[in-house]
Amino acid sequence: MSKLFLLYLLALLRTCNSFDQDIPEEGGLRWRDVSVTLPAGKMGGGSHKFLVEPSSGFVQNGHVTAIIGPSGAGKSTLLAALSGTTRRGKNVHGSVWTESQGGQKSPLEISCVECIYEGLLTSSIFVYFVENNIDESSGEVALLQQHDCFFAQLTPRETVNLAAFLQLDHGADEQNQLVDNILDSLGLRHVEARSVGEQLSGSYGKASGGSLSGGERRRLSVALELVSNPRVILADEPTTGLDSSQAKKVFDIISKTARDRCIPCICTIHQPRASIWKDLDSFILLAPGGRIVYMGDRKKAVSYFAKLGYKCPSETTTAEFFIDLVTVDTEDPDVAKKDIQRIEQLSTAFKIQQQDISSQHACVWEAPKDRRASMKHKMRPRHARLAALLLRSIRQNFRDVKVNFLRGSASLGLACLFSELFSGVKKGKSAAKSVADRTALLSFGAINMTMMAMMKTLNLFGKEKSVVSREQMRRHYTSFDYLISKSLAELPLDIIFSSMFAAALKHLTCLTTPFPMLCGTFSLLTVASASLGFVVGSFTNGVEEAMTVGMPLMVILMAVGIINPSGVDASVPKPWLIRILKRLSPIGLAIEGLCVAEYKGMKFDDGGQRWSIRELPKMGGLALVQNGDHVLEALALHQKTYSGIMQDLAAISALNMFLSWVGLTFFGSNYVEASGKAVDGAGEDIGLDPSDDDSNPHIRTTNKGTGREPINVQVPVTSARKWF
């Protein structure tokens with residue numbers, strides 16, 4: 001682009017400025033040089049790649065700003081950078097704070113959650129994370145994620161009530177009054193006793209069965225954020241998946257909350273409807289690559305682009321027109337080239353204008369360096385937290401009638417199936433001849449209980465993890481609290497279904513293992529398998545990823561734990577990896593324990609009747625054994641005791657719980673370390689020292705200020721450099 005054209009744009013924009021040059025006295029949310037990049041070399045190049053280019057802006061208290069743009073422009077990425085929730089694998093730069101009335105800058109304390117960056121835990125990262133992410137611990141920032149996550153079996157009242165109990169230090173009466181007010185204000189009182197339910201794919205706006213509809217779920221998300229009286233609202237596509245009526249209601253609730261409480265609000269909106277668009281105070285228009293081409297008053301945008309030569313057709317809605325301006329046609333190379341040139345012109349024009357504004361108000365855009373004293377949210381006493389979480393988990397487990405019915409039916413049905421498949425263990429059959437079937441029956445029984453427990457845990461834990469991560473960001477409880485309460489809540493059902501399976505096997509077969517030992521082994525195996533599911537779930541993100549890791553792990557543990565019917569030669573050493581995996585396999589330990597309990601002291605002489613040679617087992621290492629002790633010797637289990645094996649199984653359960661704690665504590669939050677420094681000299685044109693090592697951006701909030709005039713969003717851009 002020629003210098004002449006740049007000078008022309010500068011003169012044009014100065015004569016027709018779409019922004020008020022004065023800095024508003026009312027407080028609001030301000031950010032400086034915020035950018036998101038991929039690490040150098042990740043995209044195959046030697047330098048970083050911008051996902052969101054450096055930008056600065058201001059949102060006045062009581063105003064609602066939308067971030068719009070085509071798919072993939074970086075709307076959610078920008079919002080995540082402002083909220084401090086950018087995922088690992090990206091670099092974040094810049095500063096974010098809020099100002100009180102009159103421009104006073106007052107930093108906030110940020111969430112105290114340990115994080116892992118690039119897989120390495122360091123104390124400096126922990127300190128940074130405390131100072132640079134949203135203050136979920138005190139609830140000063142309300143963050144509405146793109147997808148609603150709840151405990152499906154709880155009611156809206158129970159959900160909000162638990163959040164209020166864990167977040168606030170109110171008495172019972174005051175807490176109930178607060179919950180009533182929130183439910184009434186959001187129109188949820190009539191569904192307060194209805195279960196939240198699962199959100200089914202493709203039915204976001206509809207209620208399934210007796211569960212909440214998509215709009216009601218969105219309102220419940222808002223309710224959870226209002227518990228702590230937030231002072232900043234950030235919402236990621238709050239209307240996605242809702243019909244026009246529900247979308248308007250949800251947006252009205254968010255905007256009304258921001259205006260009534262006089263706090264700034266930023267929403268990402270994929271395709272704003274006309275009814276929503278006219279209620280916005282301002283918007284940010286993002287082009288592909290995270291390039292901002294407009295940020296300011298919604299009403300002034302049409303004239304701004306018209307002065308640049310882009311008039312909005314009368315038959316086109318303004319929102320569609322703006323998004324079309326920054327959309328690249330990837331199917332036609334010639335058209336795409338023109339689109340890129342247009343975006344380049346718009347982006348450069350906006351940067352030139354913002355340089356002119358920022359040069360007049362350099363002190364406004366200087367990030368504050370002072371920090372106030374810590375105001376971390378104080379947790380409830382441990383016994384109170386455990387009691388509340390235990391009650392929630394019990395409700396979640398016992399109210400899921402469908403899943404419990406299926407688990408019970410599967411336990412009884414598989415017991416019947418196994419008794420028919422291994423008919424040699426039927427009552428009245430030869431004890432000697434049934435050795436092979438007996439061993440196979442015990443093995444498949446252990447595999448069945450392990451698979452049922454682990455798959456159930458992976459599915460449930462994967463769904464709950466996003467809720468747990470959100471609550472831990474707010475410092476509601478620790479990972480230890482959640483794991484203990486979750487394990488205690490799972491135990492009754494595990495014992496019930498294990499007992500059902502053991503009782504059915506005992507009734508349908510002639511197993512000699514006493515029922516308490518049979519039931520105890522299956523119950524402890526279920527606990528160990530569930531704890532293994534906790535481990536996988538704590539180190540993965542979502543149900544699909546957990547299942548992808550869990551299934552191969554299950555196959556490995558089954559392969560190393562299964563009993564070899566050809567016998568075991570203890571004199572031949574196994575590879576060290578196989579030995580380790582076998583000792584860590586709950587399937588292998590349970591099969592060993594069941595075999596020891598079944599065969600220890602067994603005689604192949606039932607009631608004085610002696611069996612012929614034809615009725616003795618003839619398979620592999622079990623051929624021609626004379627009693628149960630010989631079977632254990634052939635399986636290399638003659639030196640092991642049942643109690644010792646159960647202790648090993650309990651130790652495996654404890655180890656899994658510890659690893660689950662590690663996963664939730666250090667890998668539960670996938671948020672990156674950010675840097676307060678601008679990228680590529682950002683800050684030079686607003687009088688800031690680009691070498692200033694202020695590596696800790698801050699989020700600063702206030703609820704002061706009463707102005708309701710159109711918002712003046714100003715973005716000083718540090719360079720007219722060609723970023724695209």
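A salt bridge here is a side-chain nitrogen of Lys or Arg within 4 Å of a carboxyl oxygen of Asp or Glu. Keep that cut-off in mind. And keep in mind that this is a predicted model.

So, the salt bridges. By this rule the count is 31. I'll start with K456 and E490. Their side chains meet with N and O 2.5 Å apart. That falls within the 4 Å limit, so the pair counts as a salt bridge. Where do K456 and E490 lie? K456 is in helix α14, residues 435-473, and E490 is in helix α15, residues 479-508. The pair therefore ties together parts that are 34 residues apart in sequence.

Buried or exposed? Take K456 to begin with. K456 has a relative accessible area of 13%, so it is buried. E490 is at 5%, so E490 counts as buried too.

E490 has another partner, K486. The closest N and O atoms of that salt bridge are 3.5 Å apart. K486 is at 1% relative accessibility, and so counts as buried.

Next pair: R583 and E592. Their side chains form a salt bridge at 3.6 Å, N to O. What about accessibility? R583 comes out at 33%, which means partly exposed. E592 is at 3%, which means buried.

Now back to the earlier group. Salt bridges with shared partners join R407, K456, E464, K486, E490 and D494 into one network.

Now the surface. D329, E331, D332 and D334 form a negative patch. Look at D332. It sits in the loop between α10, residues 318-325, and α11, residues 333-360. Its relative accessible area is 31%, so D332 is partly exposed. Patch members need over 30% relative accessible area and no salt bridge. D332, at 31%, is therefore over that area cut-off.

Last stop, S531. It is in helix α16, residues 515-538. At 2% relative accessibility, S531 counts as buried. What does S531 touch, beyond its neighbours within four places in sequence? Its contacts there are S653, N656, M657 and S660. And look at L655. S531 and L655 are 124 residues apart in sequence, but 8.7 Å apart in space, C-alpha to C-alpha.

To recap. K456 and E490 bridge α14 and α15. D332 belongs to a negative surface patch. S531 is buried in the model.

How values were computed
Residues are numbered from 1 along each chain as its sequence is written. This is a predicted model: local features need pLDDT of at least 70, side-chain atom pairs count only at pLDDT 80 or more; totals for chains, interfaces and linings use all residues. Side-chain values use heavy atoms; hydrogens and water are left out. Helices (H or I, at least four residues) and strands (E, at least two) are DSSP runs, numbered from the N terminus. Buried means under 20% relative accessible area, exposed over 50%, partly exposed in between (1.4 Å probe, protein chains only). Contact means heavy atoms within 4.5 Å. Patches are made of residues with over 30% relative accessible area and no salt bridge: like charges are joined within 9 Å, nonpolar side chains (Val, Leu, Ile, Met, Phe, Trp, Tyr) within 5 Å. Accessible areas come from the Shrake-Rupley method with a 1.4 Å probe; for residues, only the protein chains shown count as cover. Lys and Arg count as positive and Asp and Glu as negative; His and the chain ends are not counted. The place of a charge is taken as NZ of Lys, CZ of Arg, CG of Asp or CD of Glu.
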